[in-house]
Amino acid sequence: MRAPTESSPPTPFQEWLDRIARPIEFANRDDCAHLRALTNLSSFISSQVLAALCREVYPKAIEARLISLRDLFIDFQPALPFAEQRRRLHAAAVLIQALRTVAQPKPIWMKASSTQSSSHFEMTGAGRSDLWNLPVRFVKGVGPKRTHVLQRLHITTVEDALWTIPWRYEDRSAMTPIGNLVPGMIASICGMIETCKAKRTRSRRLSVMEVGIEDQSGRMQVVFFNQPYLEEILTVGTRVMMSGRVLSGREGWMVPRMDVAQYEIIGEDIESTLHVGRIVPIYHETKGWASRQMRVLMRNLLMDHGIEIVEDLPDPLRVRRRLIPIHEALHDVHFPKAGTDLQLLERGKTPAHRRLAFEELLLLQLALATRHRSVQEEPKELRFNPRTTLLQQLGRLLPFRLTAAQDRVVREIFRDMISSHPMNRLVQGDVGSGKTAVALHALVMACGSGYQAALMAPTEILAEQHYQNLSGTLQALGLHTILVRGGEKSSVKKTQVERLASGDIQVAIGTHALTQQGVRFKNLGLAVVDEQHKFGVLQRKTLIDKGYKPDVLVLTATPIPRTLAMTVYGDLDVSVIDTLPPGRKPIRTFLFNEGQRRRAYQIMRDELRAERQAYVVYPLVEESEKTDLQAAIQGAEQLQNGEFTEFRVGLLHGRMKATEKETVMADFKAGTIQLLVATTVIEVGVDVPNATIILIEHAERFGLAQLHQLRGRVGRSDQQSYCLLMAQNQTGGRAQLRRRSMGSEESVSTARERLEALVRSNDGFVIAEEDLRIRGPGEFFGLRQWGIPEFRVANLVRDGDLLQQARQEAFSLLKSDPGLKEPGHQGLRDAMLRKWEKKLELGSIS
């Protein structure tokens, strides 16, 4: 007697196949005599097969048989003729046997390549690491012509395609009996084509094809326009699945119609469960490329390249954060398993979405943490003196005491300046919180230590404002200060350049052109960068390229939501001034529509008669700059000649000459202009304490943070101040709140929600978070202006918790392995450099 041979244990697929084979084999016994004893055979087999297809990507031989098996049972009902039921059961038994004999039915990404065993593959996670460099044009079904179309969707490589995820999903998995269809519902059906009539209308030159479809429960009509080729596809006797919106038919609800979004011929090919009969992914489309084509492409990519997807996240990190493997995440995000929660899919909260989002955020945080670390390790030649007598003199000169928050931030700055590594710090605070006073202390310490300092502002108006506010104090301390402007005479420029180069000038104030106009400093020790919605991470690199290695202090013009601070300024140390100077009263904000204009004017008039001053602000955007400028000019004329004849009205806009702007601002500060009509050039930094009221025209066209900045032009004294938001009317008296400034429209309710948020709160940090929530990261100040990193999966509003986790992991990884040189971190390092090396100037570690 021979010893029994050792057999390998059954795979999960074989166990699953045995489970669905049992009822089929039972039903086939004794010439299908036991068929009536089985209930729900149709739903059991079709749902089991669909679940298996959604769970993994299989070799084509297996997938084709699974699809054929599901097609046999999708409408297997007792009402079918017994002969048809028997035929299908016999066919199913043949398919089961064929599936059992197919060699090793593993999902394709688990199969080993011919040169290595599967155990080796599964242990090492080996795979092709250059999908990022593999052009999509060589993928089956793409080619040169479609490559150009895909480039419009920012897809040039296989990796780009795999990371282009659906923007929404439709559940087409449940089949509704035709007899249960109700007009208005969106449903999927399965039936047989009973009639197909094509005709052409003479008057409208339309081709019309009417198709009648039946199942055991009823009949429905489908009409196709101008698709004559369908006559050869949708032939009588063909079984189809269709999805779409149900409409009332010519015979009322008895014979419904369907506006078909997708249809599939059952058993036609192995594509037939990609588009109907499952949770279906919907992608962004472009001319010449639809979601249907994208689904086929994704299926082919997962079939052909699934084995090559490399896992970049280290296993301990994945386990710690409970993240699924990359291949599983990519499959599930494109082809969700049956039963996946549709709401989680739509919100991007499934394990697959979160796994992919985490990787994107981790790569960015690693890049930013690397930049932060490289600055920390940079040798510092500057030696600042915290005991310089100029700081004591400054304390005596200032007419106010620093708030506790200002004092804390000054200490943080001084600690950085006297440390052995360069300062790269961000100071953010609300409007009027006193960021400039904090920066003044840093300027004085730098100059008191024998160095020069530069203060760079985003606009000439703000640079002039800084000069007017700071120069008196600086000169009183014996520090020579100049304002560097683009429009100066060549003789003035020459003198300024010579005095800076010789070290005779201690402080230079100007725009960012300070580093670009042939200006040379003798020994620049500190650069203060006053930001206005710009990407701050590269400022330091710009200065180093000019041959300087100063300490850098960045001031934000507006509070930044926490998640954006971790991305836009993620490589800087952050200080927050979280209290306002004492005595400031909260600004009262009101929302008006056009019908309430007289009331708004009366409030302004009352303030002006009380010898206060006022602003009226008009929006100004590039798309409509000419008409916007004209509106501001005409507005100033109408106010001067109409409602406010008893006061002097001034006009300020960016197209005026520098001397004209200076004259207007000087007159407004002196009080000879009582009402200043301006475009958004006054958004940042203009400081006139006697101005107590601001009226903002077309408030619906501004972002929340921008409105908050404008509101901050008032409320700079102990007097009560007001902000009046004027939203334009729509017919019917409702506020027409359609914002055009970003080149897109938004709903009335969304714009009103934004304006009402400003009325409710004076806290800039609360407002910034609300603005981000309402508008999303793409619209928050505009992507290009901020330079916010663009993600394919991650969303800064939705994934704030993941961003925080990614930041923690990034700093932890670099602490234990600073260069990411360990074998388990190589993939992560390579992926980070591919994505961010050029954008974030990571040359020092590449």
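A: What follows goes from the whole chain to single side-chain pairs.

This is a predicted model, in which local features need pLDDT of at least 70 and side-chain atom pairs count only at pLDDT 80 or more, while totals for chains, interfaces and linings use all residues. Residues are numbered from 1 along each chain as its sequence is written, and side-chain values use heavy atoms, with hydrogens and water left out.

The protein chain has 846 residues, and 53% of them are buried. Here buried means under 20% relative accessible area, exposed means over 50%, and partly exposed lies in between (1.4 Å probe, protein chains only). The chain contains 28 helices and 20 strands; these are DSSP runs, H or I of at least four residues for helices and E of at least two for strands, numbered from the N terminus. Of the contacts (heavy atoms within 4.5 Å) with a separation of 6 or more, 74% are between residues 24 or more positions apart.

The structure holds 39 salt bridges. A salt bridge is a side-chain nitrogen of Lys or Arg within 4 Å of a carboxyl oxygen of Asp or Glu.

Glutamate 84 takes part in a salt bridge with arginine 87, with 3.0 Å between the closest N and O atoms. Both residues belong to helix α4 (residues 82–101) and sit 3 residues apart, about one turn of the helix. Glutamate 84 also forms a salt bridge with arginine 88, at 2.7 Å from N to O. Glutamate 84 and arginine 88 are 4 residues apart in helix α4, which again puts about one helical turn between them. Arginine 88 is buried, with a relative accessible area of 2%.

Another salt bridge pairs arginine 598 with glutamate 643, the closest N and O atoms being 4.0 Å apart. This pair links distant parts of the chain, 45 residues apart: arginine 598 is in helix α20 (residues 597–609), and glutamate 643 is in the loop between α21 (625–641) and β17 (649–652). Arginine 598 is exposed at 66% relative accessibility, whereas glutamate 643 is partly exposed at 29%.
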